[in-house]
Amino acid sequence: MEMKSDIKEYKNVWVYAEQRDGVLMPIVIELLGEGKKLAKELGVELCAVLLGHNVGKLKDELVKYGADKVYYMDNPDLENYLTDIHTKIIVESVNKYKPEVVLVGATHIGRDLGPRVSSRLNTGLTADCTKLDIDPETRNLRQTRPAFGGNLMATIICPDNRPQMSTVRQGVMDKAVADDSRKGEFVELDVEITEADKFVKFIDKVKTKKDAISLTDANFIVSGGLGVKEKEGFKLLQELADKLGGVVGASRAAVDAGWIDHAYQVGQTGTTVKPNIYIACGISGAIQHLAGMQSSDIIVAINIDPSAPIFEIADYRIVGDLYEIVPKLIELLDDEQRIEALIESRKIKAN
Amino acid sequence: MKIIVCVKQVPDTTEVKIDPKTGTLIRDGVPSILNPDDANALEGALALKDANSDITVDVLTMGPPQADYMLRECLSMGADNAFLISDRAFAGSDTWATSNALASAIKKMDNYDIIFAGRQAIDGDTAQVGPQIAEKLNISQVTYVQKMSYENGEVTVERQLEDGYEVLKAKTPILLTAVKELNSPRYMAVDKIFDAYQKEVTVWSIDDLDIEPSEVGLKASPTRVAKSFVPQNTTEGIFLEGTPEKIVEDLIVSLKEIHVI
Amino acid sequence: MILKKEHELLRDAITKFVEIELKDLPEEIEELGHIPKELVDKLVRYKYLSPVIPKEYGGAGADYLSYAIIMEEISRRCASTGTYITAGASLVALPILNYGTEEQKQKYLKALATGEMVGAFGLTEPGAGSDAGATQTTAVLDGDNYILNGRKTFITNGPICDFAIVTAVTDKSKGSKGISGFLVESAWEGFSTGAHEDKMGIRGTETSDLIFQDVKVPKENLLGKEGEGLKIALNTLEAGRIGVAAQALGVAQGALDECIKYVQERVQFNKPLSAFQNTRFTIAEMATKVQAARLLVYNSALEKDNGINPGLSSSMAKYYAAEVANEVAYKALQLHGGYGYIKDYPIERIYRDARILSIYEGTSQVQQMVIAGAVIK
């Protein structure tokens, strides 16, 4: 492919401000946070691109969260996301304003739009990035992402083409902090939308309530064993699971004791699970149980007995009473401000 | 009516292991499989064919000669014809260059109504090749298809979102990418396996396609892998000690810092 | 043994099927007591139930090696399903295929392949087990019908069969050459079944007696010629043994799989069992014997596919694979220790399932008789 000779003309960092029904997607705030860092390092502006209908107030929100400039288009044709229309507007705007970096959230919509845009612009796109930084020598964006089902990490660059495009995984970048006093510039985009751009027709949009997550699909499992001591205890574990957006599991001992149904059993005779986090509460760690959960990404074990076998495979080992620990976990998870303050104070200490 | 299904042979990433001594990826002995989302795409096409025998389902892949095996699997599931584009010139292609090569093969296959692909392949998880093929063919796309029907030259699809779905309608030609919720792929029937090996798989090199070597492969790829590495796992577990308050704070902060909650 | 790509792909196909469709099945059918209808429908759809039945009768038209691979991979996970397949796919299908008239094939063979009918094979009697010549069931010609009386025992699919192949004495004076085969429909008057046997293993299959009381069997339902009954039965068993031998191979492999998994999980004296020399040597021996059984089974299937009579090779394969299945299941359970003796681990069921393999379709001792008869001249 041809190298772009005018690569130096490209500057500024763009964030695609995905909104649905007039609300910014949470990833946009994260992209603004990350985009700000990149823009600072590059010594350029952070810009947001906002497409929608009756989304005027979102322009201010974007500035509040750090955008120096908001490119926008507000039009009934943009009421709902359609690939062809959004691609056309963004491609024409990129060609006109020439950003060097374009960040898109790795949502279902972002992952639909990103490749279409990058393909038309004949540039590279790195999917589902979990880390971004700038190579100080070349000013290239280093885009790090997992591959092979997370078994390998790869750092991707796009040295000879602009813009450098990434879709970014939700929940890994630090959120931008709102500042009501910020001021920004608004630039209206002027792209003609024709009938040909409406080849795919929007019919309807349906919100579905998520079905109860199964043990196999759950990212978070809070599991209880004999140490739970009574049926009521699983309500507490359920509360923690709800906080994390996960489900409750159990060891065979707890199931045999009649505290919880067999459907929740993890292990040899139950379900084999592989969540992101497995919190074992009052589970000693019999071999049948370990067989069903030892491939979990992160294992947290809470047990009174420091010699419980579960500790041998746990990443975080807590010797203590689950009835003391779990309620405190729930309490802290409820208090985001306190968590953020804790993280900040740690950072200060580390520096 | 013709449906082209784009498929990929991928290493079964659930079987990929890390060498504990060297920290590198062990690829030896890892089975190669038909990419799971692609199997959903193929099933989507075959289900339409079940209802209408005038439909032809052709499968297309880019890969080494060994990809023949996966194409036989597709034929054993019920595909009519199989096409493999295979050439050293394609080696090192990123998604941009891959879609370039596949699009040129599709142009040669001609006369398609629907192009079906899996949402993404498990070795790369990029979800880019489908939309990029559509772009290069200058046709529209609907990704994340979780339900579809076809009537009178028009598809009606449900496009999966994180919190629900959209219903979209489009005339053909159109490119669709399938998610696993679309269906449960059929298995291979015994007789069809033997029939599959009686069929000819069409193999095209770059010379058979209307594309220049400079437009594919590593050279044509805008992205480069600067480095790859095995993610560091906390190998040793840590005891969290202190008062219950401090234990809980340490745990939550640690989990937040590694972005798992 | 290096297989053709077709057979490799077939193995992948079955493995994938088993992984999803038979995932929790073995534990479920232990309780359920029969193979679920939805599973049978799928076995029919993909022709796993009819590998060697020709295409014109609705089967897959594949070879015996394919049949062996299907039996091996299915039984590796679920021996009961293996038994269900072999009861239909070979025991009932083969006699009709080899000796049936075109009408019989159209009516019964097709129905077997398409799953419309379930068949049973009735040879064994309370007083005629290994000694099949001692058959006492009788069929007396009366006009256009044979009148069937007697009792068959331990018949797989007995309680659910739509028809059965039944051997009966038509001419007592001719001894074993006076036995004939019949296709008998279960809906006919006088046909009934005994109680469901409460078996030790393969508890997902249904087994009962077949009872015939003045059952009128039309003349056209005689299979082959009069007096060919025992020949038909024994020829059937020769090729059918390949299926059971492959089933035994699958059970052995399944036991080995479970054992290898367990010894890597289980830690004693601060190291996994797999690190102990006793474990390693035991597993090496098991793996080698399983592979030896595999070679015998595949070789017998290939003989059959190449037009060579597999009588001796299938006896050797069935004898050896069945013994190995029992031995491997025993040792695998032993390495599980106490956990192997409770139902939490699949090895408990595999151990019970393995036991039938050296008993049905010719006990190990009958196979030894066949083998000895062939090698001692």
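User: Which strand does β6 of chain A pair with, and in what sense?

Analyst: This is a predicted model. In it, strand β6 (residues 101–105) of chain A pairs with strand β11 (residues 164–168) of chain A in the parallel sense, over 5 bridges.

User: What is the bridge partner of A:L103 in β11(A)?

Analyst: A:L103 has A:S166 as its bridge partner there.

User: Which helix packs on the sheet there, and which strands does it touch?

Analyst: Helix α1 (residues 26–42) of chain A packs on the sheet. The strands touched by α1 are β1 (13–16), β4 (46–52), β6 and β11 of chain A. The direction of α1 makes about 175° with that of β1(A).

User: What's the order of the strands in the open sheet of chain A?

Analyst: The order is β7-β11-β6-β1-β4-β5-β12, which is 7 strands with parallel pairing.

User: Which strands stand at the edges?

Analyst: Those are β7 (125–129) and β12 (185–188) of chain A. Each has a single partner strand, so one side of each is left without a neighbour in the sheet. From one strand to the next, the twist averages 25°.

User: And what holds paired strands together in general?

Analyst: Strands of a sheet pair through backbone hydrogen bonds, and the pairing is either parallel or antiparallel.

User: Where does helix α2 of chain A lie?

Analyst: Helix α2 (residues 56–64) of chain A lies across β4, β5 (69–74) and β12 of chain A. The angle between α2 and β5(A) is about 165°.

User: How is chain A divided into domains?

Analyst: Domain 1 of chain A covers 7–198 and domain 2 covers 220–338. Taken over C-alpha atoms, the centres of these domains are separated by 40 Å.

User: Switching to chain B. How many helices and strands does it have?

Analyst: Chain B has 6 helices and 15 strands. The C-alpha atoms of chain B fill a box of roughly 70 × 40 × 40 Å along the principal axes.

User: How much of chain B is buried?

Analyst: Of the 261 residues in chain B, 50% are buried. As for contacts between residues at least 6 apart in sequence, 69% of those in chain B join residues at least 24 apart.

User: How many residues of chain B are in contact with chain A?

Analyst: 66 residues of chain B are in contact with 66 residues of chain A. Elements that each supply at least two residues to that side of chain B include α3 (95–109), α4 (129–137), β9 (140–151) and α6 (244–257). The largest share, 10 residues, comes from α6(B).

User: What classes of residue are on that side of chain B?

Analyst: The side of chain B that touches chain A has 32 nonpolar, 18 polar and 16 charged residues.

User: Which strand of chain A pairs with β11(B)?

Analyst: Strand β13 (residues 200–207) of chain A does, in the antiparallel sense and over 7 bridges. In that pairing, A:F202 stands opposite B:L168.

User: And how many residues of chain B touch chain C?

Analyst: 12 residues of chain B are in contact with 16 residues of chain C. On the chain B side, α2 (68–77) and α5 (190–196) each supply at least two residues. By class, that side has 8 nonpolar, 1 polar and 3 charged residues.

User: Which residues touch the most other members of the largest nonpolar core?

Analyst: They are B:V5, C:A252, C:V297 and C:A321, in a core of 247 residues. Helix α7 (residues 229–265) of chain C gives the most to this core, with 18 residues.

User: What is B:V5 in contact with, leaving aside neighbours within four places in sequence?

Analyst: B:V5 is then in contact with B:A41, B:L42, B:A45, B:V57, B:V59, B:A79 and B:F116. There is also a second, separate core of 52 residues, which includes A:V247, A:A250, A:W259 and A:I279.

User: Last topic, chain C. How is it divided?

Analyst: Chain C has domain 1 (5–113), domain 2 (119–230) and domain 3 (233–375). The C-alpha centres of domain 1 and domain 3 of chain C lie 20 Å apart.

User: How many residues of domain 1 are in contact with domain 3 in chain C?

Analyst: 23 residues of domain 1 of chain C are in contact with 23 residues of domain 3 of chain C. On the domain 1 side, α2 (25–32), α4 (64–77) and α5 (79–99) of chain C each supply at least two residues. Of the elements on that side, α4(C) gives the most, with 11 residues.

Conventions
Residues are numbered from 1 along each chain as its sequence is written. Chains are lettered from A and ligands numbered from 1 in the order in which they are written. This is a predicted model: local features need pLDDT of at least 70, side-chain atom pairs count only at pLDDT 80 or more; totals for chains, interfaces and linings use all residues. Helices (H or I, at least four residues) and strands (E, at least two) are DSSP runs, numbered from the N terminus. A residue is buried if 20 or more other C-beta atoms lie within 10 Å of its own, exposed if 12 or fewer, and partly exposed in between; C-beta atoms are placed from the backbone. Two residues are in contact if their C-beta atoms, placed from the backbone, lie within 7 Å. Two strands pair if DSSP finds at least two bridges between them. Axes are lines fitted to C-alpha atoms, for helices over the stretch in contact, and angles run from 0 to 180 degrees between N-to-C directions. Ala, Val, Leu, Ile, Met, Phe, Trp, Tyr, Cys and Pro count as nonpolar, Asp, Glu, Lys and Arg as charged, and the others, Gly among them, as polar. Domain bounds come from an automatic or database domain assignment. A nonpolar core is a set of buried Ala, Val, Leu, Ile, Met, Phe, Trp, Tyr and Cys residues joined through C-beta atoms within 7 Å.
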